[in-house]
Amino acid sequence: MRVLVVEDERMLADAIAEWLREETHAVDLAHDGEAALERIAVNDYDVVVLDRDLPRVHGDEVCKELVASERDARVLMLTAAAQLDDRVTGLSLGADDYLSKPFAFPELAARVLALGRRSRPAVPPVLRRAGITLDPARREVFRNGRFVPLSKKEFAVLTELMRAGGNVVSAEQLLEKAWDEHADPFTGAVRLTILKLRRKLADPPVVETVPGVGYRIA
């Protein structure tokens, strides 16, 4: 999934991003509300991890603008304010979940994954298609009962193809969801990852190329 982490404490932001990348997500960073709004305007995020007390534009305003934009991104609001009134206010602004600081990284990662399943059309916790079983929470893939070891990028690309439910996913969409904003759009990374994925999934071939359009799980 593509995740935006908006946190003005840079060490914490880097730590969150590193943890989520270990969970195979593509992660972008913003350290103030203004930068967050700029990234939201040009990128299609599944989840926005949003600190509430931000410089330049307050996190509450970022949340309200994101909700008003009618984008599919889900909002996980982070804040040091943990009182009931604070939680109610955050959720009333349109946040989908609320996590108070300090928090445990595994819990944050689990909440991000749960929210990601609710973005776009909702998808089941475990994805199954064409003999493939993909469990995002456990980061496990099986093909006809055989465990398939995948790299982080291979897992991320396969997840997007499985989420599409047989529909075609373009190379641009895969680049958007599996790589961060620093990815070169002219790179051959998607094609190379697809080649490796096909080899690891083995026969019969299951990742189909639709010429000039993209890829799908046949």
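**Exercise 1.** Does Asp8 count as buried, partly exposed or exposed, and what is its relative accessibility?

*Solution.* The model is predicted: local features need pLDDT of at least 70, side-chain atom pairs count only at pLDDT 80 or more, and totals for chains, interfaces and linings use all residues. Residues are numbered from 1 along each chain as its sequence is written, and side-chain values use heavy atoms, with hydrogens and water left out.

Step 1. Take the cut-offs: buried is under 20% relative accessible area, exposed is over 50%, and partly exposed lies in between (1.4 Å probe, protein chains only).

Step 2. Asp8 has 31% relative accessibility, so it counts as partly exposed.

Step 3. Place Asp8 in the chain: it sits in the loop between strand S1 (2-6) and helix H1 (10-22). Helices (H or I, at least four residues) and strands (E, at least two) are DSSP runs, numbered from the N terminus.

Step 4. List its contacts (heavy atoms within 4.5 Å). Leaving aside neighbours within four places in sequence, Asp8 touches His31, Asp51, Asp53, Leu54 and Pro55.

**Exercise 2.** Describe the overall build of the protein chain.

*Solution.* Step 1. Secondary structure: the chain has eight helices and eleven strands.

Step 2. The radius of gyration, taken over C-alpha atoms, is set against a globule rule of 2.2 Å times the number of residues to the power 0.38. The protein chain has a radius of 18 Å, close to the 17 Å that the rule gives for 218 residues, so it is as compact as a globular protein of that length.

Step 3. The C-alpha trace spans about 55 × 35 × 30 Å along its principal axes.

Step 4. Of the 218 residues, 47% count as buried.

**Exercise 3.** Find the largest nonpolar core and the elements that build it.

*Solution.* Step 1. A nonpolar core is a set of buried Ala, Val, Leu, Ile, Met, Phe, Trp, Tyr and Cys residues joined through side-chain atoms within 4.5 Å. The largest has 26 residues, and Leu158 and Leu161 have the most contacts inside it.

Step 2. Two or more residues come from each of strand S7 (132-135), helix H6 (152-163), helix H7 (171-178), helix H8 (189-201) and strand S11 (214-217). H6 gives the most, with six residues.

Step 3. Beyond four places in sequence, the contacts of Leu161 include Val169, Leu174, Ile194 and Ile217.

Step 4. In H7, Leu174, Leu175, Lys177 and Ala178 are buried. Their cover includes S1, strand S2 (26-30), H6, H8 and S11.
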